[in-house]
Amino acid sequence: MPILSKYSTEQIESLMQEMQTVLQTHNASVDLGLLALGNLATHIINKHVPEALRADVANSFAKALQQSITQTKKVIQ
């Protein structure tokens, strides 16, 4: 079952492109880019998610990331 988002593909793609441009501007390696994105995710969760829900949001985020990697792997093979 596809996941429905309240955000348009255009909104998501635009934001992703801007974030990618920032990483490229700083010549960020893969590990530095992932470190920065992970720290940003932690910051967003800590600042904008109620403390009681943070662990659940982090687990959902990690699960979605894992699933997206698995799905991408299936498409590439």
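This is a predicted model: local features need pLDDT of at least 70, side-chain atom pairs count only at pLDDT 80 or more; totals for chains, interfaces and linings use all residues.
Let me begin with helix H2, where the face turned away from the buried side carries the exposed residues Asp31, Leu35 and Lys47. Exposed here means over 50% relative accessible area, buried means under 20%, and partly exposed lies in between, with a 1.4 Å probe and protein chains only.

Residues are numbered from 1 along each chain as its sequence is written, and side-chain values use heavy atoms, with hydrogens and water left out.

Which residues of H2 are buried? They are Gly33, Ala41 and Ile45. These residues cover an arc of only 100° around the axis, which puts them on the same side of H2. The arc is taken from the directions between the helix axis and the C-beta atoms. In general, an α-helix has 3.6 residues a turn, so residues three or four places apart point the same way.

Turning to the overall fold, the protein has 3 helices and 0 strands, in the order α-α-α along the sequence. Helices (H or I, at least four residues) and strands (E, at least two) are DSSP runs, numbered from the N terminus. H2 covers residues 30–48, and its 19 residues should span 27 Å at 1.5 Å a residue; the end C-alpha atoms are 27 Å apart, which agrees. H1, with 17 residues, reaches 24 Å from its first C-alpha to its last, close to the 24 Å expected. The expected span is 1.5 Å times one less than the number of residues.

The loop between H1 and H2 contains Asn27. Its phi is near 50°, a positive value in a residue other than glycine. Most residues other than glycine have a negative phi. Asn27 is exposed, with a relative accessible area of 69%.

Of the 77 residues in the protein, 5% are buried.

Finally, the largest pocket is lined by 28 residues, of which Ile12, Leu15, Met16, Met19 and Phe61 lie nearest its centre. A pocket is an open set of points on a 1 Å grid where a 1.4 Å probe fits, with protein on both sides within 12 Å along at least five of seven lines; lining residues have an atom within 4 Å of a point. Helix H1 (9–25), H2 and helix H3 (51–76) each supply at least two residues of this lining.
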